Amino acid sequence: MRPVIPYVTAALLFGLGVYGVLRRRNAVLVLMAVELMLNAVNLILVTADTTVRAVLPHSGQVFALFVIVLAAAEIGVGLAIVLQLYRLRASVTVDDVPLTEPAGDRAGPTGDVAAGAAGVRAEAGR
């Protein structure tokens with residue numbers, strides 16, 4: 001069997017996934033693009049397992065199974081984050097997500113950042 005067709009298909013899937021991650025602004029579509037990349041890796045692992053004679057039998061299929069399990073966990077956590085983002089912001093646009101927290105979030109009960117940090121140190125000493 002010539003493995004050219006599965007390898008080219010996997011390369012196209014991976015390239016489409018990278019394009020989706022880099023160009024999409026919707027968080028759900030970014031997660032779908034990541035899934036495309038993981039499926040391309042699975043295709044490469046299974047194709048390499050069938051064409052290359054390895055010391056361990058069916059090792060590519062076992063690795064593909066691990067990738068599927070990790071992809072399921074990633075989707076579960078990713079969708080939970082996207083749902084929480086939608087509840088807070090009413091939008092799942094990736095551009096609207098703040099990468100840093102405002103300074104007011106670390107403030108203590110009086111609103112003073114230094115007093116809040118001192119209170120945390122005092123509670124840690126107990």
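Which residues does asparagine 42 touch, not counting residues up to four places away in sequence? Asparagine 42 touches Ala64, Val67 and Ile68, where contact means heavy atoms within 4.5 Å.

## Basis of the report

This is a predicted model, in which local features need pLDDT of at least 70 and side-chain atom pairs count only at pLDDT 80 or more, while totals for chains, interfaces and linings use all residues. Residues are numbered from 1 along each chain as its sequence is written, and side-chain values use heavy atoms, with hydrogens and water left out.

## Overall organisation

The protein has four helices and zero strands, and its elements run α-α-α-α from the N terminus on. Helices (H or I, at least four residues) and strands (E, at least two) are DSSP runs, numbered from the N terminus.

Of the 126 residues in the protein, 20% are buried. Buried means under 20% relative accessible area, exposed means over 50%, and partly exposed lies in between (1.4 Å probe, protein chains only). The accessible surface comes to about 9400 Å², and 68% of that surface belongs to carbon and sulfur atoms. Accessible areas come from the Shrake-Rupley method with a 1.4 Å probe; for residues, only the protein chains shown count as cover. Among contacts between residues at least 6 apart in sequence, 53% join residues at least 24 apart.

## Helix 1

The expected span is 1.5 Å times one less than the number of residues.

The buried residues of helix 1 are Pro6, Ala10, Gly17 and Gly20. Seen down the helix axis, these buried residues fall within an arc of 85°, so they line one face of the helix; the arc is that of the directions from the helix axis to the C-beta atoms. An α-helix has 3.6 residues a turn, so residues three or four places apart point the same way. The buried residues of helix 1 pack against helix 2 (27-51). The face turned away from the buried side carries the exposed residues Val4, Ile5, Leu12, Leu22 and Arg23.

## A nonpolar surface patch

Phe14, Val18, Val21, Leu22 and Val41 make a nonpolar surface patch of about 380 Å². Helix 1 gives the most to this patch, with four residues. Valine 18 lies in helix 1 and counts as partly exposed, at 31% relative accessibility.

Arginine 24 is placed in the loop between helix 1 and helix 2. Its relative accessibility is 44%, so arginine 24 counts as partly exposed. Leaving aside neighbours within four places in sequence, arginine 24 is in contact with Tyr19, Leu29 and Val30. The C-alpha atoms of arginine 24 and aspartate 95 are separated by 9.9 Å, and these residues are 71 residues apart along the chain.

## Helix 2

The 25 residues of helix 2 should span 36 Å at 1.5 Å a residue; the end C-alpha atoms are 37 Å apart, which agrees. Its buried residues include Ala27, Val30, Leu31 and Met37. The buried residues of helix 2 pack against helix 1 and helix 3 (59-89).

Asparagine 42 lies in helix 2 and counts as buried, at 10% relative accessibility. Valine 28 also has its place in helix 2, but is partly exposed, with a relative accessible area of 34%. The C-alpha atoms of valine 28 and leucine 79 are separated by 7.6 Å, although these residues are 51 residues apart along the chain.

Notes
Patches are made of residues with over 30% relative accessible area and no salt bridge: like charges are joined within 9 Å, nonpolar side chains (Val, Leu, Ile, Met, Phe, Trp, Tyr) within 5 Å. A salt bridge is a side-chain nitrogen of Lys or Arg within 4 Å of a carboxyl oxygen of Asp or Glu.
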